[in-house]
Amino acid sequence: MKMKKTAAFCLAAVSAAALLLSGCTGKAAQKAQEYKELGIARMESGDYEGAVDSFQKALDQSVGSIGAQELDICYYKAMALYKSGDTQGALDACTALIDYDDKNWEVYYLRGNLYLQAQQNENALADYEKAVSLNQDDVELYVHIYEDLSEAGLGDRGQEYYNRVMAIRPSSGEEYYFVGDMYFLTGDYENAKTNLQKAEEEGYDRALLMLGQIYKAEGSDEEARNAFAAYMEKYPEDADALGELGAIALSAGEYADAVTYLQSALDASEGNEDAETEKNLIAAYEYSGDFVSASNLAREFLEHHSDPDVEREYEFLKTRVGSDSAAAPEAEEESAGDGEDTAASGQEPEEGDSGSES
């Protein structure tokens, strides 16, 4: 869950930066854009190695110049390497970006998180502080750094970031939300709820999701369900809310509802991996008596994850359905037609002379 949250935070920052990029012309630039879009589509589908390959091919279209487009692609390549588990490759990509442009806080934060995973703690702390120095007004950044350090067993080093958040006097829904988030992380549920309720009153709707998580942690499933449902009235296809509602239904023994919520959550995630939701859906299928669906999903899960609990469950499920019932799913349907674009079809751009920049 943590890696997913960190990657989402970094990728959101990268995407925001991409909005500032200027366009470019020429056949090589067009080919680079096609490979970039294919790489993004592959990331969204969970094919991170394929995404890395596409982003590299996009960079290969460069004729020796490095501009905004090339930097943007490098950001995406670093993220794809990170999400694929290639920590050293992602570190190298981030370092290359910093060598070229040392004013991007997003890259320092991402590299700091990677250093932390590699247990290079002093390097991580230096990069986190550099990220903060370049983005001093971002309360969310402080919260993420505190959470990173706490989960790495460096809570004492994260105390200064906790103090910075606590020194804030919230004046907006967003600030109330992240102060509430910090209280939630430290187990102070009452102060967390007070700030999150204020955030929701100020129109920061996502506070409802965190309120639901706190109610759930307190064992108040009905209040949690109400909070998530209130959020979904405005955002009916939010994957996080659907996943939380599915988890509540599963724990309450409402297995049919759990299957509906959890499957909808995966559909709404647009291909982004969510191992926790997938595991819950396997359990929901099993408890609802649909052993075939549970077995097939468990097999697909184990193709991408190593999880002893799911491995044991899959062995049990195979005894319930027989070897033939859990056969591989049918081949995917053929492409919808010639009008489908490169990224949507998953096909690489046609090779040929990339031409010269104009």
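1. Some ground rules. This is a predicted model, so local features need pLDDT of at least 70 and side-chain atom pairs count only at pLDDT 80 or more, while totals for chains, interfaces and linings use all residues. Residues are numbered from 1 along each chain as its sequence is written, and side-chain values use heavy atoms, with hydrogens and water left out.

2. Salt bridges. The count comes to 19, taking a salt bridge as a side-chain nitrogen of Lys or Arg within 4 Å of a carboxyl oxygen of Asp or Glu. As background, side chains of opposite charge can pair when their charged atoms come close.

3. One to look up: Lys216 and Glu244 form a salt bridge, N to O at 3.0 Å. This pair links distant parts of the chain, with Lys216 in helix α12 (residues 207–217) and Glu244 in helix α14 (residues 239–251), 28 residues apart. Helices here are DSSP runs (H or I, at least four residues), numbered from the N terminus. Buried or exposed? Glu244 is buried, at 16% relative accessible area, whereas Lys216 is partly exposed at 29% (buried means under 20% relative accessible area, exposed over 50%, partly exposed in between, with a 1.4 Å probe and protein chains only).

4. Two pairs sit within single helices. Arg225 bridges to Glu222, with the closest N and O atoms 3.9 Å apart; the two are three residues apart in helix α13 (residues 221–234), so about one helical turn separates them. Glu222 is partly exposed, at 49%. In helix α18 (residues 308–321), Lys318 and Glu315 are also three residues apart, about one helical turn, and their closest N and O atoms are 3.2 Å apart. Lys318 is partly exposed at 32%, and Glu315 is partly exposed at 45%.

5. A salt-bridge network is worth a look too: Glu129, Glu160 and Arg164 are linked in it.

6. Now the rings. There are nine aromatic pairs, a pair being Phe, Tyr or Trp rings (the six-membered one for Trp) with centres within 6.5 Å. Tyr177, Phe178 and Tyr204 are linked into a cluster by ring pairs. Separately, Arg320 lies over the face of Phe291, 4.4 Å from the ring centre (the rule: NZ of Lys or CZ of Arg within 6 Å of the centre and within 35 degrees of the ring normal).

7. Finally, check Gln119. Its phi is near 60°, a positive value in a residue other than glycine. Most residues other than glycine have a negative phi. Gln119 lies in the loop between α6 (105–117) and α7 (121–134), and counts as exposed at 69% relative accessibility.

Key:
Rings of Phe, Tyr and Trp (its six-membered ring) pair if their centres lie within 6.5 Å; planes under 30 degrees apart count as stacked, over 60 as edge-to-face and the rest as tilted.
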